[in-house]
Amino acid sequence: MAMTKEQVYEKLETVIDPELGVDVVNLGLIYGVKIDNNDIIITMTLTTPGCPLHDMMKSGVHSAVESLPNVGAIQVNIVWEPQWTPEMMSGKIRDQFT
């Protein structure tokens with residue numbers, strides 16, 4: 001059975017930003033997921049370029065997706081464009097912060 005983006009996003013929702021206590025999907029940090037056979041490429045950002053948790057967040061995303069069955073290579077790309085803004089959070093999370 002082929003892996004789906006929904007399965008990847010479900011795993012990514014288990015990765016919590018320790019500073020905000022919100023998962024990376026609902027924070028709007030995930031810009032894209034590509035699946036090529038069983039290889040996964042995740043494009044994401046962080047809330048700020050100077051985030052001291054850069055390596056921890058990247059490792060957390062990698063580890064969460066690695067737990068999917070039959071996963072191949074995993075590539076996590078952190079980008080700074082477009083720059084993350086609070087408007088990128090899901091509506092339910094944004095409401096918690098306002």
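Me: Start with the hairpin of β3 and β4. How many residues lie between the strands, and which one takes a positive phi?
Reply: The hairpin of β3 and β4 has 2 residues between the strands, and N37 takes a positive phi near 55°. Strands here are DSSP runs of E with at least two residues, helices are runs of H or I with at least four, and both are numbered from the N terminus. This is a predicted model, where local features need pLDDT of at least 70, side-chain atom pairs count only at pLDDT 80 or more, and totals for chains, interfaces and linings use all residues. Residues are numbered from 1 along each chain as its sequence is written, and side-chain values use heavy atoms, leaving out hydrogens and water.

Me: Is N37 buried or exposed?
Reply: N37 is exposed, with a relative accessible area of 68%. Exposed means over 50% relative accessible area, buried means under 20%, and partly exposed is in between, using a 1.4 Å probe and protein chains only. N37 is not a glycine, although its phi is positive.

Me: And N70, what is its phi and where does it sit?
Reply: N70 has a positive phi of about 60° and is not a glycine either. N70 is in the loop between α2 and β5. At 61% relative accessibility, it counts as exposed.

Me: Back to the strands. How many bridges join β3 to β4, and do they run parallel or antiparallel?
Reply: Strand β3 (residues 30-36) and β4 are joined by 6 bridges and run antiparallel. Two strands count as paired if DSSP finds at least two bridges between them. K34 stands opposite I41 in β4, and V33 stands opposite I42.

Me: What about β4 and β5?
Reply: Strand β5 (residues 74-78) runs parallel to β4, with 5 bridges between them. In β5, Q75 is the bridge partner of I41. From β4 the chain crosses through helix α2 (residues 54-66) to β5, and this β-α-β crossover is right-handed. Right-handed means that, with the strands pointing away from the viewer, the path from the first strand over the helix to the second runs clockwise. Another pair is M44 with I78 in β5.

Me: Which residues of β4 are on its covered face?
Reply: In β4 (residues 39-44), I40, I42 and M44 are on the covered face, while D39, I41 and T43 are on the uncovered one.

Me: How do α1 and α2 pack?
Reply: They pack at an angle of about 130°, with their axes 8 Å apart. That makes α1 oblique to α2, because angles under 35 degrees count as roughly parallel, over 145 as roughly antiparallel, 65 to 115 as roughly perpendicular and the rest as oblique. V8, K11 and L12 of α1 make the contact with V61, A64 and V65 of α2; contact means heavy atoms within 4.5 Å.

Me: Switching to M57. Where is it, and is it buried or exposed?
Reply: M57 is in helix α2 and is buried, with a relative accessible area of 2%. Leaving aside its neighbours within four places in sequence, M57 is in contact with I16, D17, P18, V24, L29 and L46.

Me: Last one. Which residues does the cis peptide bond join?
Reply: The cis bond joins E81 and P82, with omega about -5°. P82 is in the loop between β5 and α3 (91-97).

Definitions and conventions
Axes are lines fitted to C-alpha atoms, for helices over the stretch in contact, and angles run from 0 to 180 degrees between N-to-C directions.
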